[in-house]
Amino acid sequence: MSSPPSPTTAPSVVLLSCQTQRFGTTADCCGRNGAAEILSFLRREVQAQGLSCWIEIRESPCFGHCSQGPIIRWVGSEIYSKMSKQGVLDLVNSLRIWLQEQGVDLSIDPTLQEPDQESCSPKAAFLLPPI
């Protein structure tokens, strides 16, 4: 029986959140559609569910889908549009399930698995092939 992946070898997810704000125009953009609030909620939810060691969240520039914002992109996988707080909850739940399917034991505090490790962030992200 193999042991569960440690935080340094476990798959990780990189999420990009468009924060583009268009000034001097009335055109739609993620920033105008509440992207900052969604990004903040996403960060809090990932932290609250104990997934921050496997989910990295980054701000990003425009994806070119301005009328569909706020946009979150799972690097190597999908683009999620018109994100709401409920959409964030659904996404984080899906990511939790995906991580468990990859063999990550989410019941173990990853910082306790390797006490000398300064950060629980995985060193390499597992990315799905582009769709």
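Predicted model: local features only at pLDDT ≥ 70, side-chain atom pairs only at ≥ 80, totals over all residues.
**The whole chain**

Three helices and four strands make up the protein, and their order from the N terminus is β-α-β-β-β-α-α. The chain has 131 residues, of which 40% count as buried. Contacts that reach across the sequence can also be summarised: among those between residues at least 6 apart, 72% join residues at least 24 apart.

**The nonpolar core**

Select Leu15, Leu42, Ile55, Ile72 and Val88, and show their side chains. These residues have the most contacts inside the largest nonpolar core, which has 24 residues. Which elements give two or more residues to this core? They are strand E1 (13–18), helix H1 (35–48), strand E2 (55–60), strand E3 (72–74) and H2. The greatest contribution comes from H2, with six residues. In soluble globular proteins, nonpolar side chains tend to be buried together.

Keep Leu15 selected and display its surroundings. Apart from neighbours within four places in sequence, Leu15 is in contact with Leu42, Ile55, Glu56, Ile57, Arg58, Ile72, Arg73, Trp74, Leu91 and Leu95.

**Helix H1 against helix H2**

Now select helices H1 and H2 together. Their axes are 10 Å apart, and the helices pack at an angle of about 35°. The crossing in which H1 passes H2 is right-handed. On the H1 side, the contact is made by Glu37, Ile38, Phe41, Leu42, Glu45 and Val46; on the H2 side, by Lys85, Val88, Leu89 and Val92. Sorted by class, this contact has seven nonpolar, no polar and three charged residues.

Select Phe41 next, which is located in helix H1. Is Phe41 buried or exposed? Phe41 counts as buried, because its relative accessibility is 14% and the limit for buried is under 20%. Setting aside residues up to four places away in sequence, Phe41 touches Lys85, Val88 and Leu89. A distance between C-alpha atoms may also be drawn here: Phe41 and Ser84 are 9.4 Å apart in space and 43 residues apart in sequence.

**The two salt bridges**

The count of salt bridges comes to two. For one of them, select Lys85 and Glu37, whose side chains meet at 3.5 Å, N to O. Lys85 lies in helix H2 and Glu37 in helix H1, so this pair ties together parts that are 48 residues apart in sequence. Lys85 is partly exposed, with a relative accessible area of 37%. Glu37 is likewise partly exposed, at 48%.

For the other, select Arg58 and Glu56. The closest N and O atoms of this salt bridge are 2.7 Å apart. Arg58 is partly exposed, having a relative accessible area of 39%, and Glu56 counts as partly exposed at 38% relative accessibility.

**Along helix H2 to Leu99**

Follow helix H2 (residues 85–101) to Leu99, which has its place in this helix. Leu99 counts as buried, with 0% relative accessibility. What separation lies between the C-alpha atoms of Leu99 and Ser12? The distance is 7.8 Å, although these residues are 87 residues apart along the chain.

**Stops in the loops**

Select Gly69 and Pro70, and display the backbone. The peptide bond from Gly69 to Pro70 is cis, with omega near 0°. Pro70 belongs to the loop between E2 and E3.

Move on to Lys82, in the loop between strand E4 (79–80) and H2. Its phi is near 50°, a positive value in a residue other than glycine. Lys82 is exposed, with a relative accessible area of 54%.

Finish at Ser107, found in the loop between H2 and helix H3 (110–113). Is Ser107 buried or exposed? Ser107 is exposed, because its relative accessible area is 66% and exposed begins over 50%.

Notes
Residues numbered from 1 in each chain as written. Heavy atoms only, no water. Buried < 20%, exposed > 50% of the residue type's maximum accessible area, 1.4 Å probe, protein only. Core = buried A, V, L, I, M, F, W, Y, C linked by side-chain atoms within 4.5 Å. Contact = heavy atoms within 4.5 Å. Salt bridge = Lys/Arg side-chain N within 4 Å of Asp/Glu carboxyl O. Axes fitted to C-alpha atoms, helices over the stretch in contact; angles between N-to-C directions. Left-handed = near helix turned anticlockwise from the far one by under 90°. Nonpolar A, V, L, I, M, F, W, Y, C, P; charged D, E, K, R; others polar.
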